[in-house]
Amino acid sequence: WVSSSAIGYYPYSEVEEYTEDYVNISPSNFQSSLCKQWEMCSLLDSCVGVRHVIIRIGIVLGKQGGAVQNMMLPFRLGLGGPIGSGDQYTNWIHIDDAAGIFAYSIENSRVDGVMNAVAPAINTNKEFAKAFAGALNRPAVLPTPAFAMNIVFGPERAEMLLKGQKVIPKRTLDSGYQFKFTDLRSAMKNIVG
């Protein structure tokens, strides 16, 4: 049994590193509370005897739709840049690796428990914006101010973009999964190139 969740399970932090072993005892915001409840609802009774994998997904980067599609126009126009301070961690994964982790989890009976579906590279939002702009041969100099994000998205949704967490795919790597896209530059070139 494979279910999915999001890295929103982990609390926002500029200093903590979160692996699959972290247990969120007391969710600190709506997103982490929702993810924890979602995961609890997916649990099967242990007497069922079925292997269960929970895949916590980061920002999925692909050619069609999603985050890239929403960012494409401002960046193509040279108006893209970091969000807020840009110092928050931005945990991403190429769509091929996201799908690959699901397939790997299904096909390998030794995979069990939580798997973080984020690339092994640790990037800030500034680095993310620079890599995306660089793949488009554009600058990434115009930050989107935090107040604008709060106005456009409202405080709860803006918080997801303005704050971050450093998520490490430790168990995913330890299980033997081989990422196709381990660094942001190659992922972005594949997507926009």
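Serine 13 lies in the loop between β1 and β2 (17-18), where helices (H or I, at least four residues) and strands (E, at least two) are DSSP runs numbered from the N terminus. The model is predicted, so that local features need pLDDT of at least 70 and side-chain atom pairs count only at pLDDT 80 or more, whereas totals for chains, interfaces and linings use all residues. Residues are numbered from 1 along each chain as its sequence is written, and side-chain values use heavy atoms, with hydrogens and water left out. With a relative accessible area of 12%, serine 13 is buried, a class defined as under 20% relative accessible area, against over 50% for exposed and partly exposed in between (1.4 Å probe, protein chains only). Its side chain reaches the backbone nitrogen of glutamate 16 at 2.9 Å. When residues up to four places away in sequence are not counted, serine 13 touches Tyr18, Tyr89, Gly164, Gln165 and Lys166, contact being taken as heavy atoms within 4.5 Å.

Valine 2 belongs to strand β1 (residues 2-6) and, at 24% relative accessibility, counts as partly exposed. Leaving aside neighbours within four places in sequence, the contacts of valine 2 are Val53, Ile55, Phe102, Ser105 and Ile106. Between valine 2 and serine 33, the separation is 31 residues in sequence and 20 Å in space, C-alpha to C-alpha.

Strand β3 (residues 53-57) runs parallel to β6, to which five bridges join it; two strands are said to pair if DSSP finds at least two bridges between them. Within this pairing, arginine 56 stands opposite asparagine 116 in β6. Strand β6 (residues 113-117) is largely enclosed by the rest of the structure, because four of its five residues are buried.

Histidine 94, in strand β5 (residues 92-94), counts as buried at 2% relative accessibility. Its side chain is joined to that of asparagine 190 by a polar contact of 2.7 Å, that is, a pair of N or O atoms within 3.5 Å of which, within protein, one must be able to donate a hydrogen and the other to accept it, residues adjacent in sequence counting only if both atoms are side-chain atoms.

The largest pocket holds about 890 Å³ of space. Of the 34 residues lining the largest pocket, Ile59, Ala67, Ile83, Met160 and Leu161 are the closest to its centre. A pocket is an open set of points on a 1 Å grid over the protein atoms alone, where a 1.4 Å probe fits, with protein on both sides within 12 Å along at least five of seven lines, and lining residues have an atom within 4 Å of a point. At least two lining residues come from each of α2 (66-76), α4 (125-135), α5 (146-153) and α6 (155-162), and α2 gives the most, with five. The lining comprises 19 nonpolar, 13 polar and two charged residues, with Ala, Val, Leu, Ile, Met, Phe, Trp, Tyr, Cys and Pro counted as nonpolar, Asp, Glu, Lys and Arg as charged, and the others, Gly among them, as polar.

For the second largest pocket the volume is about 170 Å³, and the lining consists of Glu127, Lys130, Ala131, Gly134, Ala135, Arg185 and Lys189. Helix α4 provides the largest share of this lining, five residues, while α4 and α8 (184-192) each supply at least two. By class, the lining of the second largest pocket divides into two nonpolar, one polar and four charged residues.

How values were computed
Grid points are joined across faces, edges and corners, and a volume is the space filled by probe spheres set on the points.
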